[in-house]
Amino acid sequence: MAIQLRESISIGLADIMTRKVRSAVTVIGIILGVMCIMVVLAIVNGMNQSTLSWMSERGGLNKIEVNRNWSYDFSRGGDASFDLREISYIRSQIPSAEAFNPQVQLRDGVVLRGDLSYQGSVIGVMPDMMIVEDWQVDKGRFFSNVDMDLHNNVIVLGSTMNRELFGSRNSLGEYVVLKKQKLMVVGVLDEKYWQNQGGSGAFGDNALEYLNRRAFVPISTMLSKLSPGERISSIEIKASSPDAAKELRQKLEGIILNLKGGKRLFTVSSAQEELDQMKQNTMIFSAVFILIAVISLLVGGIVIMNIMLASIKERTREIGVRIAVGARSFDVFVQFLVQTVLITGLGGVLGVILGLGILGAVGDYLNIKVAASVSMIFVALIVSVGVGLGFGIMPAYRASRLDPVVALREE
């Protein structure tokens, strides 16, 4: 007499309900292991989403940056800056770049408006900055190539600098003073905002507030009027796609290395490659914690196996009766394996529910973004069922190999 799968499930559920305390003890390890897997995967997923969001706010994955190499030993010689001739040469060598923006930063520049003053970074840039940074103008306009060619005294303010200098007044067409030069405000940029992860930063909850405290002038005006002694120390470039950015970064690195006589005075980095590196780092982080969760699952699996072996001992006579009335060894094997899988599956479901339940508390405590996904739930459930299959085979096999004659003699 073959035992149907439905009957095996029914018998397994009945046994679980009959032995509630033992069943609860059995699934604790599975619940904790699955819950840990859920939390770790949600943290990693949240970190990846946050990193992608940060990079999108800073210009996207197409962005390439050239900055001074602070690890270089400058006692060996070399000047970590570019002149206009070098900038022109670099631009001519990368025609595929969608935008090109060399920068000159005047740190701690004091911008004056009457009796009011604001101390912040003033940066000389090209009009392409708006494309590279994926930034928009809130009021007015950004300066143009005409302003660049004529070295016009124009300035575009970040939202915070504009608010501190002009309050609620319209600043367009008004003048500010920087380095004894009168500059006309032609635009105000949109406010940049990105929620700080892991606690408040120097500017509170907004990790991008430092951008709102900046002002921008044409790089030609910066070098000819405001700070003639300054040199170009960084470049921002935008490629046509993230994949193109990787190739362009390698090409750009070679151009600059040749230009500077083989000295690694600058680092060239692409946002896409930085994202890939961050994902590798988070994979290492997640692997360590998932290993801890797997150990918990293995311990839970061993406990389940031992309890199932004890259960077989208790039900030896019942197994003998089933075999005697026509049940096949395979039917007994399936019955006990199904029961083990039911227990671990139940532990997996409870682990997922508890994991989802504490995600909000974990995110609030660590002050980071956590993000669950459907794929995560499937992974957790598959792992829990896999533990049941792995550790349920031996007890099920032992039950299926019982001699019915010997089993019926069992008291």
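Student: Is Asp276 buried, exposed or partly exposed, and what is its relative accessible area?
Tutor: Asp276 is partly exposed, at a relative accessible area of 26%. Keep in mind that this is a predicted model.

Student: What does the side chain of Asp276 meet in a salt bridge?
Tutor: The partner is Lys246, with 3.2 Å from N to O.

Student: What does Arg249 form a salt bridge with?
Tutor: Arg249 pairs with Glu273, and their closest N and O atoms are 2.4 Å apart. Arg249 belongs to helix 9 and Glu273 to helix 10, so this pair ties together parts that are 24 residues apart in sequence.

Student: Arg249: buried or exposed?
Tutor: Arg249 is buried, with a relative accessible area of 12%. Glu273 is partly exposed, at 24%.

Student: Why would such side chains pair at all?
Tutor: Side chains of opposite charge can pair when their charged atoms come close.

Student: How many salt bridges does the structure hold?
Tutor: The structure holds 13. Some are linked: Arg58, Lys63, Glu65, Glu133 and Glu236 form a network of salt bridges.

Student: Buried or exposed?
Tutor: Lys63 is buried, because its relative accessibility is 5% and the cut-off for buried is under 20%.

Student: How far apart are the closest N and O atoms of Lys63 and Glu65?
Tutor: They are 3.5 Å apart, in a salt bridge. Glu65 is partly exposed, with a relative accessible area of 22%.

Student: What about Glu133 and Lys63, what joins their side chains?
Tutor: A polar contact of 3.0 Å joins them. The side chain of Lys63 also has a polar atom 2.9 Å from the backbone oxygen of Arg58.

Student: Which residues does Lys63 touch, leaving out those up to four places away in sequence?
Tutor: Lys63 touches Arg58, Val132, Glu133, Glu236, Ile237, Ser269, Ser270 and Ala271.

Student: How far apart are Gly60 and Ser270, in sequence and in space?
Tutor: Gly60 and Ser270 are 210 residues apart in sequence, and their C-alpha atoms are 9.9 Å apart.

Student: Back to helix 10. Where is the place of Ser286?
Tutor: Ser286 is in helix 10, which spans residues 271-314. Ser286 is buried, with a relative accessible area of 11%.

Student: What does Ser286 touch, beyond residues up to four places away in sequence?
Tutor: Ser286 touches Val40 and Val44. Ser286 and Leu41 are 245 residues apart in sequence, yet 7.1 Å apart in space from C-alpha to C-alpha.

Student: Which residues make the nonpolar surface patch with Val288?
Tutor: The patch consists of Ile284, Phe285, Val288, Phe289 and Ile292, and its area is about 450 Å².

Student: New topic: strand 6. Which residues are on its covered face?
Tutor: Val176 and Leu178 are on the covered face of strand 6 (residues 175-178), while Tyr175 and Val177 are on the uncovered one.

Student: Why do the faces take every other residue?
Tutor: In a regular strand the side chains alternate between the two faces of the sheet.

Student: In what sense do strand 6 and strand 7 pair?
Tutor: Strand 6 pairs with strand 7 (residues 181-189) in the antiparallel sense, over 4 bridges. Leu178 stands opposite Gln181 of strand 7.

Student: How many residues are between the strands of that hairpin?
Tutor: There are 2 residues between the strands, and Lys179 takes a positive phi near 55° in this hairpin.

Terms used:
Residues numbered from 1 in each chain as written. Predicted model: local features only at pLDDT ≥ 70, side-chain atom pairs only at ≥ 80, totals over all residues. Heavy atoms only, no water. Patch = residues over 30% accessible without salt bridge, like charges linked within 9 Å, V, L, I, M, F, W, Y side chains within 5 Å. Areas by Shrake-Rupley, 256 points an atom, 1.4 Å probe, with all protein chains shown as cover. Salt bridge = Lys/Arg side-chain N within 4 Å of Asp/Glu carboxyl O. Buried < 20%, exposed > 50% of the residue type's maximum accessible area, 1.4 Å probe, protein only. Polar contact = N/O pair within 3.5 Å; in protein donor to acceptor, adjacent residues only side chain to side chain. Contact = heavy atoms within 4.5 Å. Pairing = 2+ DSSP bridges.
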